[in-house]
Amino acid sequence: MKLITSKDNALYKHLYKIAQGKVKDEALLEGYHLSQMYKAYGQHLQGVILLEGYDYSEERWQALLADIDPHKIIILNTALFKQLNSVDSPQAILFWIRIATVASIPIPKQNTVFLDRLQDPGNMGTIFRTCAAVGIQSIYLSKGCVNPWSAKVLRSAQGAHFVLDIYTQVDTNYFLENNPLPLYITYLDDKASHLYQSSLPKNVVWVLGNEGQGVEKRFFNYPHQTIFIPQLEQVESLNVGVACALVLYEQWRQVSDGFSQ
């Protein structure tokens, strides 16, 4: 175990940079639940950060910390620990992880979601949770999306990150030129199909756009199907996270026996 008491410590400075989102391939997971989920599914644990003086004798803490290499445990005093957290009353644990990267981003072969310049962390986390719930394995994020490994997205997704392949900074033009799957875009135009009257294929790319500007026009230059979700006229549009959940669950209902399980 390593006790750090000074903010000038080199390792602490590095951890603080991670907390500020300034280290590309590393992240801090705040709290018991995210740490537990990562231990179940993750593979790149760099360290465990604990709060000095906290009682970890409770059974759930003992189970979480079991089999952790003591050399990976870092202990911080209250002031230093709080500075690494994004909430005012943090839980007494952080997992320091390395984010897995790939040399090249694969072109999808199965049902997936492409997020075009999505900006709201809560929306992104909700979408990740929904994708994980219906069995989608990969998600593509265009340049201009919010950092998917930020504390707010991690908190909203509640561990979905660790069962998904998340590809970031995707070149939209390259993706569109090489993608073999049909594009399905939630958008109301004169060719849009009613969600609940459409026969949805098993494998498509669901394109979900920026909260304020929607999907970029270049997506419409490629073969696509627009889908509209019925709603009353007094509501201009649905939240993108809600829209994602509706289309994915309707597709899942049509093409799988998931609802009978």
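1. Let's start with Ser138, which sits in strand 7 (residues 138-142). Helices (H or I, at least four residues) and strands (E, at least two) are DSSP runs, numbered from the N terminus. Ser138 counts as buried because its relative accessibility is 13%; buried means under 20% relative accessible area, exposed over 50%, and partly exposed in between (1.4 Å probe, protein chains only). Leaving aside neighbours within four places in sequence, Ser138 is in contact with Thr112, Val113, Asp165 and Tyr167, where contact means heavy atoms within 4.5 Å.

2. A word on what you are looking at. This is a predicted model, in which local features need pLDDT of at least 70 and side-chain atom pairs count only at pLDDT 80 or more, while totals for chains, interfaces and linings use all residues. Residues are numbered from 1 along each chain as its sequence is written, and side-chain values use heavy atoms, with hydrogens and water left out.

3. Now the whole chain. It holds 8 helices and 12 strands, and its C-alpha trace spans about 65 × 40 × 40 Å along the principal axes. Of the 261 residues, 44% count as buried. Among contacts between residues at least 6 apart in sequence, 79% join residues at least 24 apart.

4. Helix 2 (residues 32-41) has Tyr32, Leu34, Ser35 and Tyr38 buried. Those buried residues pack against strand 2 (26-30), strand 3 (45-51), helix 3 (59-65), strand 5 (93-98) and helix 6 (151-157). Take Leu34 from this helix: it is buried because its relative accessible area is 6%. Not counting residues up to four places away in sequence, Leu34 touches Leu29, Leu154, Arg155, Gln158, Gly159 and Phe162.

5. Helix 8 (residues 240-255) is worth a look too. Its 16 residues reach 22 Å from first C-alpha to last, close to the 22 Å expected at 1.5 Å a residue; the expected span is 1.5 Å times one less than the number of residues. The buried residues of helix 8 are Val240, Gly241, Ala243, Cys244, Val247, Leu248, Glu250 and Gln251. Their cover includes strand 6 (112-115), helix 5 (121-133), strand 9 (183-186) and strand 11 (205-208). At the start of helix 8, a side-chain oxygen of Asn239 comes to within 2.7 Å of the backbone nitrogen of Gly241.

6. The side chain of His194 reaches the backbone nitrogen of Tyr196 at 3.0 Å. Not counting residues up to four places away in sequence, His194 touches Phe228 and Pro230.

How values were computed
A polar contact is a pair of N or O atoms within 3.5 Å; within protein, one must be able to donate a hydrogen and the other to accept it, and residues adjacent in sequence count only if both atoms are side-chain atoms.
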